[in-house]
Amino acid sequence: MAEAAFTVAFAGPLVTLQDAGRPGHMRFGVPASGAMDRLAFDAANAALGNESGQTGIEISLGGLILQCTQGPVTVAIAGGDFTVQLGPQKIRSWTVLTVQKGERLSITAGKAGSWAYLAVAGRIMAPEWLGRQATHSTSGFGGGALQTGQTIILSDASLREDRLGDIRKPDFQASGPIRVVTGPQDQHFAKETVARFLSDSFTVSDAYDRMGMRLKGPELPLAGALSIPSEPIVRGSVQVSGDGVPTVLLADHQTTGGYPKIATVISPDIDRLAQYRAGQSLRCVAITSAQAVAEARSYALCKAAYLAEVSVARGTFAQRLMRENLNHGCVFD
């Protein structure tokens, strides 16, 4: 069994181990957690030919620097527009590369995006919580947050030369306003307030973490009582607190709550919203529940086709040369 290891030379805040999450445990009051940008996380694993949902490292804007102390091992980086540096070589994220023993891998914030994902050709040895390594950032349950000086051990580490190179970025995500379904408590707001939420722009505030994204913009005052009976909450819920400020709940959201929810972001738009940065502006547009279901189904089909394409090995360098038939037409003495 091949083994590889990294020493964490530097880990910024909110650099955690994540897998596909534990949505089935929400009925017990346990947050699902998992990757903030599930599409990018899945793409990184697919590009290596890993199992779906295999544990990887989620990297925030603070960045991550790893020193390979035992290797080699092939890794994939996807998500956002981050800067990747391996030794003297600088490239962008959305790539597969091999890290040799003694080399330093740096992943830092680039021009856009808030989250990047490092998947490995191997298994990350880390604690589990309720059978998963997904980290709940507030409690630390799960695989945990990475700390400077920590050693990461990989079992079943391997080289995957047939997968090196760029990862095709997904091109099927929507652009423009974030699509929402109003409710389920929009009746607690005046019609003018709901209309303002859907017409005015908001800005992502600095109060943004794995639990949620607080928005700056027009206040959304309640028309009635502040609280409602506590009820289940889903990722993408837009809850409004007593000060009239909306918060979009994300991967580490609480499982139940009593603040009214003016709208819910549809699942196909949650990943791209999670990549917004503080100071970035956004608008919301309402669609019907039927339209949201249709969009979710279409998105799931596109995602499955994309991941199937990304997961196909491209062949070793020698195999690629043969496939391209680069010496066609040459005459040798």
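Student: Is cysteine 68 buried or exposed?
Tutor: This is a predicted model, and in it cysteine 68 counts as buried because its relative accessibility is 2%.

Student: And cysteine 302, which class does that one fall in?
Tutor: Cysteine 302 is partly exposed, because its relative accessibility is 32%.

Student: How many disulfides are there?
Tutor: The structure holds 0 disulfides.

Student: OK, charges next. How many salt bridges does the structure hold?
Tutor: There are 14 salt bridges. One of them joins aspartate 42 to lysine 303, with 2.8 Å between the closest N and O atoms.

Student: Why does that pair tie together parts of the chain?
Tutor: Because aspartate 42 sits in helix α1 (residues 38-48) and lysine 303 in helix α4 (residues 289-310). Those parts are 261 residues apart in sequence.

Student: Are the two partners, aspartate 42 and lysine 303, buried or exposed?
Tutor: Both aspartate 42 and lysine 303 are buried.

Student: What does arginine 123 meet in a salt bridge?
Tutor: Its partner is glutamate 51, at 3.1 Å from N to O. Arginine 123 lies in strand β11 (residues 123-124), and glutamate 51 is in the loop between α1 and β3 (56-59), so the bridge ties together parts 72 residues apart in sequence.

Student: Arginine 123 itself: what's its accessibility class?
Tutor: Partly exposed, because the relative accessibility of arginine 123 is 34%.

Student: What about arginine 210? Which residue does it bridge to?
Tutor: Arginine 210 forms a salt bridge with glutamate 58, and the closest N and O atoms are 2.6 Å apart. This pair also links distant parts of the chain. Arginine 210 is in the loop between β15 and β16 (212-216), while glutamate 58 is in strand β3, 152 residues apart. Both arginine 210 and glutamate 58 are buried.

Student: Which residues are linked in a network of salt bridges?
Tutor: Arg179, Asp269, Arg272 and Glu295 are linked that way.

Student: Switching to rings. How many aromatic pairs?
Tutor: The structure holds 6. One is tryptophan 115 with tyrosine 208, an edge-to-face pair. Their centres are 6.3 Å apart, with 90 degrees between the planes.

Student: Are they buried or exposed?
Tutor: Tryptophan 115 and tyrosine 208 are both buried.

Student: Which rings link into a cluster?
Tutor: Phe172, Tyr299 and Tyr306, through ring pairs.

Student: Now alanine 286. Which strand is it found in?
Tutor: Alanine 286 is in strand β23 (residues 284-286). With 37% relative accessibility, alanine 286 counts as partly exposed.

Student: What does alanine 286 touch, leaving out residues up to four places away in sequence?
Tutor: Val180, Thr182 and Leu198. The C-alpha atoms of alanine 286 and valine 180 are separated by 5.0 Å, and these residues are 106 apart along the chain.

Student: Last thing: confidence. What's the mean pLDDT of the chain?
Tutor: The mean is 92, and 93% of the residues reach 70 or more.

Student: Where does pLDDT stay under 50?
Tutor: Over residues 327-333. The model has 0 contacts beyond four places in sequence for that stretch. Where pLDDT is low, the predicted coordinates should not be read in detail.

Conventions: Residues are numbered from 1 along each chain as its sequence is written. This is a predicted model: local features need pLDDT of at least 70, side-chain atom pairs count only at pLDDT 80 or more; totals for chains, interfaces and linings use all residues. Side-chain values use heavy atoms; hydrogens and water are left out. Rings of Phe, Tyr and Trp (its six-membered ring) pair if their centres lie within 6.5 Å; planes under 30 degrees apart count as stacked, over 60 as edge-to-face and the rest as tilted. Buried means under 20% relative accessible area, exposed over 50%, partly exposed in between (1.4 Å probe, protein chains only). Helices (H or I, at least four residues) and strands (E, at least two) are DSSP runs, numbered from the N terminus. Contact means heavy atoms within 4.5 Å. A disulfide is a pair of cysteine sulfur atoms within 2.5 Å. A salt bridge is a side-chain nitrogen of Lys or Arg within 4 Å of a carboxyl oxygen of Asp or Glu. pLDDT is the predictor's confidence in each residue, from 0 to 100.
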